[in-house]
Each structure stands twice: as C-alpha cells, then as structure tokens.
Amino acid sequence: MENGKMQFSAPVSRDRVIGKFPKWYTSQACLQNKDHWHVRVKNACKERAPWNLGMKMSKVVVVGDLYVGKTCLINRFCKDLFDRDYKATIGVDFEIERFELSGVPYSLQIWDTAGQEKFKCIASTYYRGAQVIIIVFDLADIRSLEHTRQWLIEAMTENEPGSCCVFLIGTKRDLLATAECQRVERDAIKMAADMRAEFWSVSSKTGENVRECFFRVAALAFEDSILQALQRGGASHIGPNDLIKIDHGTTEDPRASDLKRLTCC
Ligand SMILES: Nc1nc2c(ncn2[C@@H]2O[C@H](COP(=O)(O)OP(=O)(O)OP(=O)(O)O)[C@@H](O)[C@H]2O)c(=O)[nH]1
C-alpha cells in the first residue's frame, strides 16, 4: 500500500530471477571479470531507494548478417522455441523480457533487426538509444564474422561512443565439430577483444549457452544503468511509480514511436 493506493505488478517468472552475478563465457573476451554485484549497486538494491522501485527497462539491439540466427536466438531465449524454417525478418520486431536482478524488477526490450540489405534503412532507425548492442554471426560461416566490425560501426553511428555494452555472439555451434568450433572461436575472441565486446558461443537449436548469455546481458545492462543513475545523482526526486529513463533511449511503449519512425524510409 502506498499513498493509500494498492500497488499491483505481476511477479517475475521464477526462471528470470537473477540472484548471483552471471559469469562470462571466456575471460579472454569479457566486459568484466568480477563474480559479484558492484558494491554500490548492491547497496542501492538493498536500500530499495524509491528510484529503484519503479519499472526499469533497457534497450538491446540485435544486428548481424541475414540468416545468421538472430531471430532464433531471441525466440530460444524469450519463448524457448526453435524453428528450422527460415523466415526473413522484415524491418524489425521486438520482445520485452522481465527479470528480477538482485531483488529489483528490470526489463529488457530486445530488438530483432533484419539482416537483409533492403531492410537496413528501416532497421537502422532503431539503433538509437541502445544500451546493449548484440552482434550475431554464424560460427559455420566465417564471412559473417568478418562483417561484424561493419555492423558495429553502423550501430554506433546512432549512439554515443562508449555508451553501449557490446556482445559478439556466434550461433549454430551445434553444426560444428569441437576442433572446428574452437578454431572459429579463437578468431572470434580476437575480433571481440578488438571491438571491446564480450564473446559468447551458443546454439539456439540445442539452447546451449543461450540463457546464460542473456542473463549476462541483463546483469551488465542493469549494473550499468544503476551506476549511471547513481552518477547522475541517484534520481532521488523520481517517485516509485515513475518510468525511469535509465538508458539513452526511451521507456515509452516502443510501438508508439515505431509508427512514427516507420514513415521515414
Ligand atoms: N543448426 C542450427 N540452425 C540455426 C541456429 N540458429 C538459427 N538456425 C537456422 O538458421 C536459419 C536462419 O535463422 P534466423 O534466426 O531466421 O536468421 P536471422 O539472422 O534472423 O535472419 P534475417 O531475419 O534474415 O536477418 C534458420 O533456418 C534457422 O533454423 C542454430 O543455433 N543451429
């Protein structure tokens, strides 16, 4: 009960509760190698200051060549589904995933973009305000790894330098023999280190590492948001029911702005 009003919010599904800080895939290409929450973040969550009781959301943009498996990756995590049949993404699509991190509710707005050249104009209008950029490549198609640098450049043209956590994710590891997979991973780790990105190797078909990878995305984005909010002065004036603009994007219903943006191309 708050100000005489009952607060209702649907509980976060139990398999989206992240208590322990999620681990990296490889220490050779990870954004941070600590295994605990930042002490300032932990304290802020414990105190449950008003600004961290409100709904918080960060924008994640998923980019990469066509057919590398972006949609399957998102569908495996969000719906636990895998579709063998290829249906090209037209423009963009998005999912919202709710989490509880260190006791605080938090959501990711995950944008799936089209890899096809002809849809790039529409897709690129959604890059702005990303807190996380996920660049996907196909472990079984080395050219798609070579193109990841260009994807990063394009995604960053719409964002401030240093404002995004970057993940490099190799998909379809189920298609490769162990030795081959290790060889490609070595190249990908070099690329990730070069890009200052965190590398993950996953299979949407089997589900291997998909959940772990998105938990890591959520944890790093969450920590970053809280630290930025604290740096800006804790936003203590914000009430518990407000939507807090913790990322560089928007927390309004994305569908509203989609309609505006789609008319640009
Ligand atoms: N074996 C295997 N196949 C996969 C995996 N991920 C995706 N695929 C297949 O790869 C094809 C392309 O997957 P999508 O997820 O549609 O690719 P996309 O990157 O979203 O493609 P665009 O929408 O055109 O940009 C589909 O036939 C999937 O079934 C995986 O982990 N393993």
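Q: Which residue in β7 does I169 stand opposite?
A: I169 stands opposite W200. This is a predicted model, where local features need pLDDT of at least 70, side-chain atom pairs count only at pLDDT 80 or more, and totals for chains, interfaces and linings use all residues. Residues are numbered from 1 along each chain as its sequence is written.

Q: How do β6 and β7 pair?
A: In the parallel sense, over 4 bridges. Strands pair here if DSSP finds at least two bridges between them. Strands (E, at least two residues) and helices (H or I, at least four) are DSSP runs, numbered from the N terminus.

Q: Where does β7 sit in the sheet?
A: β7 (198-201) is an edge strand, pairing on one side only, and so is β1 (17-18). The order of this open sheet of 7 strands is β1-β3-β4-β2-β5-β6-β7, with mixed pairing.

Q: Are the faces of β7 covered or uncovered?
A: Both are covered: E198 and W200 are buried on one side, F199 and S201 on the other. Buried takes 20 or more other C-beta atoms within 10 Å of a residue's own, exposed 12 or fewer, and partly exposed is in between, with C-beta atoms placed from the backbone.

Q: Switching to α5, which residues are buried there?
A: T148, W151, L152 and A155.

Q: What does the face turned away carry?
A: The exposed residues Q150 and I153.
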